[in-house]
Amino acid sequence: MGKVSEKIKEEFLAMIPPTIFFFFTLGLVAVVRMLMTKGTGLPISTPIQVAVGALILGKAVLIADLLPIINRYPDKPLAYNVAWKTTIYVLAALVIHYLERLVDFWKEAGSFVAGNEKLLAEMVWPHFWAIQIILIVLIFNYCVMHELARIIGPSKLRQMFFGRPADAAA
């Protein structure tokens, strides 16, 4: 039983950083979406939806990191893996963002095809792309920090950010 509880603890601790990151990211996206759609009557994300989304994305990132295709360039400069992971995660975010909007239109139209047609005709595309741009920047930052932590170690990175600077210790 000790090995199982150790594995659960390890998985839980590994899930904390991406989940916190995505909680703030999705919260920011929800606030921006709320500001852009204020007065339109469109539904906004609730804090519960943001938290559940963050938990799902936090675990999805951990699972994705186990796939060989994700860590395609481990022996090259960090820019390769950062660019590769950012591209994959942004494409996934694009699909999820589109599907999220599609579900609302699907419910309203009654069928998938009718919902998709209605979505394509009625979506405010500048708002959609504005959210995507925000997601690209945030996902890029996540990938940079994740790759730095992978190379220099999470404890060293934590020390660099939250510890005392070397010059101040003297």
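How much space lies in the second largest pocket? Some notes on that and the rings follow.

1. The answer is about 740 Å³, a volume being the space filled by probe spheres set on grid points joined across faces, edges and corners. A pocket here is an open set of points on a 1 Å grid over the protein atoms alone, where a 1.4 Å probe fits, with protein on both sides within 12 Å along at least five of seven lines; lining residues have an atom within 4 Å of a point. Of its 18 lining residues, P17, M145, A149, L157 and R158 are the closest to the centre.

2. Before going on: this is a predicted model, where local features need pLDDT of at least 70, side-chain atom pairs count only at pLDDT 80 or more, and totals for chains, interfaces and linings use all residues. Residues are numbered from 1 along each chain as its sequence is written, and side-chain values use heavy atoms, with hydrogens and water left out.

3. The largest pocket holds about 910 Å³. It has 33 lining residues, with L26, G53, L57, I96 and E100 nearest the centre.

4. Now the rings: there are ten aromatic pairs (Phe, Tyr or Trp rings, using the six-membered ring of Trp, with centres within 6.5 Å; planes under 30 degrees apart are stacked, over 60 edge-to-face, the rest tilted). F23 and F24 sit edge-to-face, 5.9 Å centre to centre with 75 degrees between the planes. Y73 and Y80 are tilted, because their planes are at 50 degrees, with centres 5.7 Å apart.

5. Ring pairs also join F21, F22 and Y142 in a cluster.
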